Amino acid sequence: MSEVLFKLNELTVRYGNEPPVLRNLSMDLVKGSRIGLVGRNGSGKSTLLSALVGLMDDFDGELWAFGKWRRDDSDFAEVRRRAGLLFEDPDDQLFNITVSEDVAFGPFNLGWPRERVITAVRDTLARLDLSGYEERITYRLSTGEKRMVSIATVLAMDPEVLLLDEPTAGLDHRHTRLLEEILKQSSKTLLVVSHDRDFLASVTNQTIQLENGQAVYL
Amino acid sequence: MTSLLLLKVDSVIGNIDPRARLVSGFLFSVLLAVAQKWEVIAAGFLSAFLFCAAARLPWSGLRVRLIGLNVFMLALLLVMPWSVPGSVLWNIGNWTYTIEGVELALMVAVKGNAIVLAMSVFISTIDTASLGHALEHLRAPRRLVHLFLFTVRYLDILHHESRRLFRAARARGFAPRTDLHTYRTVSRLIGTIMVRSLDRSERVLAAMKARGYCGRFYLLHHFSLRMSDALFIMTVSVFVAVLAWMEWG
């Protein structure tokens with residue numbers, strides 16, 4: 001039996017007084033699994049990813065992550081260091097002025113020494129075909145470039161689990177293939193939201209559909 | 001947008017350590033602000049002007065600043081002499097416009113111009129990211145530095161967002177006029193920008209937390225002082241020392 005990294009027990013998440021987006025959702029995320037998350041617009045895919053790292057302040061039910069039940073913001077600090085979340089909108093993700101500063105932000109938060117951070121920034125940018133972007137200004141990049149840099153900010157932290165929200169949106173064919181290759185070669189646990197079926201088929205081997213706030217295994 | 005803050009230059013000043021420039025601009029401004037003697041203020045103005053010329057600052061950028069400042073100074077010249085006692089130049093009833101008042105207003109104007117020139121050459125030539133980092137290295141309050149950096153970062157995004165919204169409105173046939181429909185639409189667009197900004201700030205905080213942020217920023221780049229920086233610091237120090245000696249010596 002593989003190790004369970006995330007376990008959701010009757011998780012219910014709502015925004016304000018709206019009807020819940022996730023309703024008594026129960027599911028496990030096992031180490032090494034590679035899951036594609038699909039569902040209609042507004043079905044709660046992004047909400048689920050945020051909830052997994054404790055960014056939905058208000059949730060009912062129980063959430064187990066990396067060996068503990070987690071409830072408060074402080075419980076989730078460790079989860080966020082071990083699971084990398086890629087946001088759907090790169091403008092939310094990138095807030096430093098230069099690319100290298102933004103990629104270095106996460107690794108510094110992990111407490112890595114400066115030399116290791118610098119190496120991680122350089123290597124991650126090189127892997128993602130972003131060498132030479134170090135001093136570029138993040139908000140002046142194109143949408144696709146911003147997406148690649150956002151991916152770099154997550155990969156640079158070398159997380160055990162990747163939670164990716166629409167990672168290929170706005171990417172050209174070449175960079176979609178590059179990302180596909182990187183994800184296929186990594187042994188990390190994956191939970192990927194995407195509307196790109198070919199991409200999902202290539203990097204994941206299971207699919208979960210969110211329907212009426214519940215998880216349906218396909 | 002950021003061109004209002006930043007003067008692009010292509011001269012030696014651009015290579016001087018931002019910390020040295022920041023401190024120079026600060027010292028120069030404080031000295032000029034407290035100076036009382038005309039010869040000190042004039043010498044300060046002249047040296048600030050010389051620094052600008054030496055750094056080959058673009059005249060167009062300077063002009064915008066100086067016009068803005070001097071419109072304000074003109075207003076000061078019209079108003080201030082009425083409230084300073086001294087020998088009367090004109091009077092309207094009990095109200096007197098005095099020579100001492102004119103002198104004081106002129107002094108403020110020359111000081112103001114000198115300080116704007118000094119700030120332009122020393123501080124406006126630092127790009128915003130380096131300015132933030134230099135401030136942090138100089139132990140400026142961290143919260144203020146981050147507020148500054150975030151403001152610069154998100155000013156641009158807000159600007160784009162508002163342009164995008166107005167473009168979307170225009171695409172559906174909206175043309176601004178002076179009527180109720182225009183006011184209503186504009187107020188909705190502005191309201192939307194505010195709500196979106198708030199939402200965005202929450203999402204950005206979430207993104208920061210997702211990458212392990214716990215209240216501290218780390219700087220990737222470190223500055224190091226070089227020979228040219230030392231020379232620059234010495235030159236500015238000599239100017240500042242001479243001005244200070246003229247004032248108090």
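**Cavities, chains and domains in a predicted model**

Trainee: Which residues lie nearest the centre of the largest cavity?

Mentor: About 250 Å³ of space lies in the largest cavity, and its lining is made up of 17 residues. Those nearest its centre come from chain A and chain B, and they are Asn96(A), Glu101(A), His133(B), Leu149(B) and Phe217(B).

Trainee: Which residues of chain B lose the most area to chain A?

Mentor: The contact takes 28 residues from chain B and 31 residues from chain A, and the area buried between the two chains is about 2700 Å², with 57% of it given by carbon and sulfur atoms. On the side of chain B, three residues together account for 32% of what that side buries, namely Arg153(B), Arg211(B) and Leu220(B).

Trainee: What is the N to O distance in the salt bridge where the side chains of Asp73(A) and Lys209(B) meet?

Mentor: Across the interface of chain B and chain A there are five residue pairs in polar contact, both residues at pLDDT 80 or more, and two salt bridges. A salt bridge needs a side-chain nitrogen of Lys or Arg within 4 Å of a carboxyl oxygen of Asp or Glu. The side chains of Asp73(A) and Lys209(B) meet in a salt bridge, and the distance from N to O is 3.5 Å.

Trainee: What distance separates the centres of domain 1 and domain 2 of chain B?

Mentor: The domain assignment of chain B gives domain 1 as 2-126 + 224-248 and domain 2 as 134-210. Five residues from domain 1 of chain B and five residues from domain 2 of chain B take part in their contact. Taken over C-alpha atoms, the centres of these domains are separated by 33 Å.

Trainee: How many salt bridges are counted between domain 1 and domain 2 of chain B?

Mentor: These two domains of chain B bury about 450 Å² between them, 91% of it on carbon and sulfur atoms, and the side of domain 1 that touches domain 2 has three nonpolar, one polar and one charged residues. Between domain 1 and domain 2 of chain B, the count of salt bridges is zero.

Conventions: Residues numbered from 1 in each chain as written. Chains lettered and ligands numbered in written order. Predicted model: local features only at pLDDT ≥ 70, side-chain atom pairs only at ≥ 80, totals over all residues. Heavy atoms only, no water. Domains from an automatic or database assignment. Contact = heavy atoms within 4.5 Å. Buried area = accessible area lost by both parts, 1.4 Å probe. Nonpolar A, V, L, I, M, F, W, Y, C, P; charged D, E, K, R; others polar. 1 Å grid on protein atoms, 1.4 Å probe; cavity = no way out; pocket = protein on both sides within 12 Å on 5 of 7 lines; lining within 4 Å. Points joined across faces, edges and corners; volume = space filled by probe spheres on them. Polar contact = N/O pair within 3.5 Å; in protein donor to acceptor, adjacent residues only side chain to side chain.
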